[in-house]
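Hello! I hope they are handy while you have the structure open.

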Amino acid sequence: MRGDTAGGPGGSGEVAARGRCKARNGEPPSPPTLPGRPGAGRNPTGPTSPPDEVVMAEVEEKEEKEGGEALPHHQTIAWIRRNRTWDYNQLCELLSDRTSRIKMMKELLQRGFFIQNLPQESDMTIQPEHDPNAASSSAQETSSSLNTSDEEHSRPSSSSVRMKMKEAGLHQKFSAQAKLLLDNVSRFLRSMQPTGDEPTLKFLSKRTKTQEFVTALQNAEMSAGAIINYFKSLSKFLEYLLTRTDLQRKDPHLQGRCENYQHMLKTLRKTVHSNKTSRHRGFVDVPPTITDCQLILRAAKPDFLRINATLQNRLELSNTDKTMFRYYCEALLVFRHMQCPQAVESLTDEDWVKRIQHGGRVVISKVTTNTSSMQIALTQEEEAWFQKYYRQIRPHSIQPGKFSRCFFLSSSGEAVHSVSQDLNRFHEIYKLPTSTSQNVRRAVDTAAKSLTVDQQEDIRIYLASCDSRTLQPRKILDTAVLLDSLAGCSSGDETSAAASSECTFPKGFSDFVTRFKVSLKGQPPSKKQRVDAGFPDDHTFYHKWRSSQYAKRVEYLLSNFTHRRPTAATVTRLIDMEGWKANYPKPEEIERMWKPAPKVTIENDRLLIKCVSEQTWPGLAIKDFGPEQGQGVVASRPFLKGEIVCDYHGKVITAAEGRAMMEGIHDEDGYMFFFKAGQHDLCIDAQTFPCECHPVADTIGRRIIHSSKRPNLKPFQCVLNINGGDSFLILFRALQDISVDTQLKFDREEGLNLEWLDE
């Protein structure tokens with residue numbers, strides 16, 4: 001029996017023991033090798049399989065003979081399975097070429113290794129390819145992950161998949177001598193172009209045929225992983241096309257066509273990946289309805305309405321409640337208005353400002369050539385919810401130096417980069433099965449089959465995020481109502497208490513400070529007050545409340561000494577004036593904490609210089625105020641008193657040249673800004689639009705209206721180094737704190753006697 005195993009001199013036991021002796025001496029252990037045993041590894045089983053047991057016994061016995069200390073039983077088995085076992089699927093990932101993979105597999109078996117998930121004996125024979133171009137393209141076949149991917153991951157065997165592909169006409173390729181060709185997309189291009197010797201770029205416009213190609217691969221029982229490899233290769237091929245300058249000269253629209261095709265591939269790839277995931281999880285292939293996809297809206301609505309009531313009362317929210325409110329707004333756009341996550345991510349503050357009222361709803365119409373188009377009609381109630389987020393939650397998310405134009409911002413002030421992840425977390429919070437935008441959009445397609453052709457087309461445009469066609473506001477409103485009827489819901493749908501009883505959040509510190517507001521002169525609540533309000537009887541919230549008040553008092557004391565260092569006597573007098581008896585900082589502590597206010601040096605402000613040179617002023621949006629007033633500018637973020645808002649941009653000319661231009665302008669002042677710079681009379685010409693330096697930008701400063709009665713901006717002049725040269729600039733500074741949605745105004749007469757910035 002010993003002769004039939006790998007024991008004896010030179011066997012695995014001796015090598016394994018010698019390897020462990022090396023490990024004890026600080027040397028890396030050598031992996032054991034076994035003499036060839038016919039059929040080794042053909043029946044891989046669990047950790048207690050006979051081959052493992054035999055080798056393990058020999059290793060332990062040999063160590064005992066050498067006087068070494070044998071490893072425990074379970075550790076020996078683990079070592080064998082970790083170092084002497086391969087998986088056929090792992091070999092497929094490492095070796096894409098089938099011939100090389102079979103040779104390596106046979107060599108491993110000959111050396112005594114174990115291989116799991118081995119294919120049938122018939123699939124382990126090396127047969128020559130019968131492809132007419134195989135001789136000329138064999139070198140490329142070795143490095144191709146696409147043409148062999150159907151053999152690597154196929155279920156069932158690769159030969160059957162290959163035969164089905166040949167029967168469907170999917171196995172033919174272009175000649176290897178073709179000019180515009182990468183081998184790993186050869187079969188795809190031949191399927192798109194059955195005739196001709198040279199491939200063309202006409203496949204970029206054959207979206208339907210591309211979908212049919214993917215369907216044919218699925219019908220050939222190709223695995224989802226292999227199909228996804230097709231998408232990866234096609235994406236690389238599109239990137240390669242964009243590097244060909246000769247092709248771009250022939251087709252100026254090549255980049256846009258490739259980008260649109262790339263987006264279509266991503267959509268198809270998600271569909272294949274979703275089907276792959278569903279099969280692995282054992283899901284029953286029953287398509288969800290629109291009502292099923294909107295379950296998260298019904299489950300989360302009670303908590304959302306609670307947060308909305310808190311905002312209505314102008315009370316403070318916790319960070320968790322702010323995030324939950326944002327999640328619900330994102331879910332409304334995806335599951336109620338069926339918008340794709342990319343369109344929600346690209347929604348900007350300016351898009352929100354430009355919304356219009358029409359027929360009792362609020363229409364947002366944003367049409368672009370990429371994947372960020374959005375044409376929806378919100379209800380009045382939904383608009384009020386979004387406005388609360390825009391005015392009461394979003395401004396608190398904006399961090400200094402992080403000014404994003406996106407409507408939805410994370411708690412760190414960054415633009416939300418993945419709405420899909422937000423919605424996945426939202427479902428996890430309420431312990432619901434995850435729904436995606438694809439699920440609800442497919443459900444809409446299914447429900448819309450009973451509609452007329454025109455109605456189906458309107459719905460397709462309403463849902464499309466990369467369609468450049470524009471719907472009229474009336475048509476957008478009608479389509480939104482039509483979608484509501486398909487879903488069988490209305491804006492006033494309420495959720496039963498039973499649906500949300502398990503999802504209500506416990507009372508936290510945000511609820512505590514909502515009930516007992518923190519103020520400079522207030523007193524912390526007593527134990528009886530805390531218990532009567534439904535809070536725990538311990539001192540956790542009590543101490544947090546006192547800490548919050550202490551921080552407010554420190555901030556208040558420091559705010560009274562902005563330019564000069566305070567003395568202990570001065571701070572003591574201020575504390576006595578406030579009447580504080582406890583929970584306040586010592587005067588000496590305020591002395592140590594005081595720091596002088598930083599001196600603003602506009603000439604070295606990189607962010608300001610960037611905004612001027614690029615004419616991108618975050619926190620501002622152009623709004624149409626009607627036919628009488630026309631367009632104006634509103635704030636989409638808060639501005640503090642003294643903060644620079646934007647510039648009045650245009651070409652600097654002499655006052656004489658400006659007056660000459662004014663003779664042909666019917667408006668009293670037009671867009672000409674006259675000012676004095678020392679002994680020079682100058683003028684900024686914003687009438688000439690667009691300006692020479694920004695031919696595609698609508699410079700926002702020229703849209704600010706003039707008001708001598710209630711201006712909230714004050715112009716001042718300075719010189720900045722812009723693009724390597726000194727430039728005269730007119731900047732606007734906030735005269736007061738400016739809140740979100742406030743229209744910006746300045747007094748034109750201020751421009752006649754401007755002073756230079758000296759501070």
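1. I will begin with charges over rings. The charged end of Arg733 is placed over the ring of Phe716, at 4.4 Å from its centre. Arg637 likewise lies over the face of Phe639, with 4.1 Å to the ring centre. Please keep in mind that this is a predicted model.

2. On to ring pairs: the count comes to 31 aromatic pairs. One of them is Phe386 with Phe408, an edge-to-face pair at 6.4 Å centre to centre and 65° between the planes. Phe386 belongs to helix H19 (residues 380-397) and Phe408 to the loop between H19 and helix H20 (419-429), so the pair ties together parts 22 residues apart in sequence. Phe386 is buried at 2% relative accessible area, and Phe408 is buried at 3%.

3. The rings of Phe512 and Phe541 form a tilted pair, because their planes are at 50°; their centres are 5.3 Å apart. This pair links distant parts of the chain, with Phe512 in helix H25 (residues 509-515) and Phe541 in helix H27 (residues 540-559), 29 residues apart. Phe512 is buried at 0% relative accessible area, and Phe541 is buried at 13%.

4. There is also a cluster: ring pairs link Phe188, Phe203, Phe213, Phe237, Tyr240 and Tyr261.

5. Lastly, the strands. E11 (residues 680-685) runs antiparallel to E9 (residues 651-654), joined by four bridges, and pairs with E10 (residues 672-677) in the antiparallel sense over six bridges. Leu682 in E11 is the bridge partner of Thr654 and also of Phe675. E10 and E11 make a hairpin with two residues between them, where Gly678 in the turn has a positive phi of about 70°.

Definitions and conventions
Residues are numbered from 1 along each chain as its sequence is written. This is a predicted model: local features need pLDDT of at least 70, side-chain atom pairs count only at pLDDT 80 or more; totals for chains, interfaces and linings use all residues. Side-chain values use heavy atoms; hydrogens and water are left out. Two strands pair if DSSP finds at least two bridges between them. Rings of Phe, Tyr and Trp (its six-membered ring) pair if their centres lie within 6.5 Å; planes under 30 degrees apart count as stacked, over 60 as edge-to-face and the rest as tilted. Buried means under 20% relative accessible area, exposed over 50%, partly exposed in between (1.4 Å probe, protein chains only). A charge sits over a ring if NZ of Lys or CZ of Arg is within 6 Å of the ring centre and within 35 degrees of the ring normal.
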